[in-house]
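Hi,

Here is the structure I promised to hand over. Have a look at it first, and then read on for what I found.

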Amino acid sequence: MYAKVPPELKAPLLKELRQLRLRSTVRHFPALLLIFSLIITLLMIVKGHAVLEMFRDYLRMDLSDGKLIVVMLLLITSMTATVLVYFLRQDYRDCDCQECLYCADCNAVDKFDSGYCPVCRTPLTEKESFYFTTAKDEQKVLERWGLQASRDG
């Protein structure tokens, strides 16, 4: 869904949408961390013996299997958390408006930047600021602000 954002609404709208994404990230982070850590841990169980031996040789320490497993689980969890934070941060930073060619007659967005209206095929020169989302909660926020979806061909 592309929604045309007037210049005077851009800053407060983006602030609210970013807060929404941040709340969503904080709410879903523990579950995502658990799921992805378990997946990686299951992979380690399947190939665990070889990895444990490699890890033991690399550390050159005489650790018991129990202690080594705890160290591996802590490493898996911390690395998974780091990767999740990176991707969730990218998602947060991607919350922005984009300039798109726009046909006012058809209320249509040229999402492929072809230079032509996707409905009436006339050449486009007018650019407007649009916010694109597929998330239902963000679409509800856009509707609450009075922004309607534009056609995207």
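Let me start with helix H4, where the buried residues are Glu 138, Gln 139, Val 141 and Leu 142. Viewed down the axis of H4, these buried residues fall within an arc of 155 degrees, so they line one face of the helix; the arc is that of the directions from the helix axis to the C-beta atoms. On the other side of H4, Lys 136, Lys 140, Glu 143 and Arg 144 are exposed. Buried here means under 20% relative accessible area, exposed means over 50%, and partly exposed is in between (1.4 Å probe, protein chains only). Helices (H or I, at least four residues) and strands (E, at least two) are DSSP runs, numbered from the N terminus.

Before going further, a word on the model: it is a predicted one, so local features need pLDDT of at least 70 and side-chain atom pairs count only at pLDDT 80 or more, while totals for chains, interfaces and linings use all residues. Residues are numbered from 1 along each chain as its sequence is written, and side-chain values use heavy atoms, with hydrogens and water left out.

What do the buried residues of H4 pack against? Their partners are strand E1 (2–4), H1 and E4, where contact means heavy atoms within 4.5 Å. After H4 comes Gly 146, which has a positive phi, near 85 degrees.

Now the cores. The largest nonpolar core has 13 residues, and those with the most contacts inside it are Val 5, Leu 13, Leu 17, Tyr 131, Leu 142 and Leu 147. (A nonpolar core is a set of buried Ala, Val, Leu, Ile, Met, Phe, Trp, Tyr and Cys residues joined through side-chain atoms within 4.5 Å.) Helix H1 (7–46) and helix H4 (136–144) are the elements that give two or more residues to this core, and H1 gives the most, with four residues. Leaving aside neighbours within four places in sequence, Leu 17 is in contact with Cys 95, Tyr 131, Glu 138, Val 141 and Leu 142. There is also a second, separate core of six residues, which includes Cys 103, Cys 106, Ala 108 and Cys 117.

With those cysteines in mind, how many disulfides does a search of the whole structure find? The search finds zero, a disulfide being a pair of cysteine sulfur atoms within 2.5 Å. For Cys 117, the closest cysteine sulfur is in Cys 120, and at 3.5 Å that is too far for a bond. Cys 117 counts as buried, at 0% relative accessibility, whereas Cys 120 is partly exposed, with a relative accessible area of 36%.

On to the sheet. Five strands form an open sheet in the order E3-E2-E4-E1-E5, with antiparallel pairing; two strands pair if DSSP finds at least two bridges between them. The edge strands, each pairing on one side only, are E3 (108–110) and E5 (149–150). Strand E2 (residues 98–103) is joined to strand E4 (residues 127–132) by four bridges. In that pair, Cys 100 stands opposite Glu 128 and Leu 101 opposite Lys 127. E2 and E3 pair over three bridges, again in the antiparallel sense, and Cys 103 has Ala 108 in E3 as its bridge partner. These two strands form a hairpin with four residues between them, and Asn 107 in the turn has a positive phi of about 55 degrees.

Three bridges join E1 to E4, and Tyr 2 stands opposite Phe 132 in E4. Tyr 2 lies in strand E1 and counts as buried, at 8% relative accessibility. Leaving aside neighbours within four places in sequence, the contacts of Tyr 2 include Gln 98, Cys 100, Val 109, Phe 130, Tyr 131 and Ser 150.

That last residue deserves a look of its own. Ser 150 is found in strand E5 and is buried, with a relative accessible area of 8%. Its side chain makes a polar contact with the side chain of Asn 107 (3.2 Å). (A polar contact is a pair of N or O atoms within 3.5 Å; within protein, one must be able to donate a hydrogen and the other to accept it, and residues adjacent in sequence count only if both atoms are side-chain atoms.) Beyond its neighbours within four places in sequence, Ser 150 is in contact with Tyr 2, Lys 4, Tyr 102, Asn 107, Val 109 and Phe 130.

Best wishes
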